[in-house]
Amino acid sequence: MTGLFSHPKRKLRKLIKQGDFEEAIALGNSMEEKHRYDPDFIFIMASIFYILQEPKKTLTYLDRVLEINEYDTDALGLKLRVHQHFNENSKVIECCKKILEVDSDAYDVRAILNELEKK
């Protein structure tokens, strides 16, 4: 038997795209033990909670992604946005600097950093 069950992350993305977040969370929770070291899976879970505007849960998942790869620019970018929500400028600056270490052409990140360093 193949299909969606052999590609559980694809199933999660499909549920998110359909807006079925409760089912996506339930599926993600059931898969979490098996995929606890998979940064893609963990980022998908963080994204669900970001969409649902649950910043603390989002940060929990993003921190797990960054434990695996501290320079994951997607996770750092999302973490930057969550810290902006909380007005935690020092953490936003830290995220910006890490992103720029990896991608010096991230002009939007550079603009955020320049704006915060002026304050």
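1. Basis of the note. This is a predicted model, in which local features need pLDDT of at least 70 and side-chain atom pairs count only at pLDDT 80 or more, while totals for chains, interfaces and linings use all residues. Residues are numbered from 1 along each chain as its sequence is written, and side-chain values use heavy atoms, with hydrogens and water left out.

2. Overall make-up. The protein has seven helices and zero strands, where helices (H or I, at least four residues) and strands (E, at least two) are DSSP runs numbered from the N terminus. Its C-alpha atoms fill a box of roughly 55 × 25 × 20 Å along the principal axes. Of the 119 residues, 38% are buried, a term that stands for under 20% relative accessible area with a 1.4 Å probe, counting protein chains only.

3. Helix α5. At the N-terminal end, Asp72 caps α5 through a side-chain oxygen that lies 3.0 Å from the backbone nitrogen of Asp74. After α5 comes Asn87, whose phi is positive, near 55°.

4. The buried side of this helix. Ala75, Leu76, Leu78, Lys79, Leu80, Val82 and His83 are the buried residues of α5, and what covers them includes α3 (39–51), α4 (55–68), α6 (89–102) and α7 (107–118).

5. The nonpolar core. A nonpolar core is a set of buried Ala, Val, Leu, Ile, Met, Phe, Trp, Tyr and Cys residues joined through side-chain atoms within 4.5 Å. The largest one has 33 residues, of which Leu12, Met45, Ile48, Leu80 and Cys96 touch the most other members. Each of α1 (8–17), α2 (21–31), α3, α4, α5, α6 and α7 supplies at least two residues of this core, and α3 gives the most, with seven. Leaving aside neighbours within four places in sequence, Leu12 is in contact (heavy atoms within 4.5 Å) with Ala24, Leu27, Gly28, Met31, Phe41, Ile44, Met45 and Ile48.

6. The cysteines. The structure accordingly holds zero disulfides. Cys95 is buried, with a relative accessible area of 4%, and Cys96 is buried at 0%.

Technical notes
Buried < 20%, exposed > 50% of the residue type's maximum accessible area, 1.4 Å probe, protein only. Polar contact = N/O pair within 3.5 Å; in protein donor to acceptor, adjacent residues only side chain to side chain. Disulfide = S-S within 2.5 Å.
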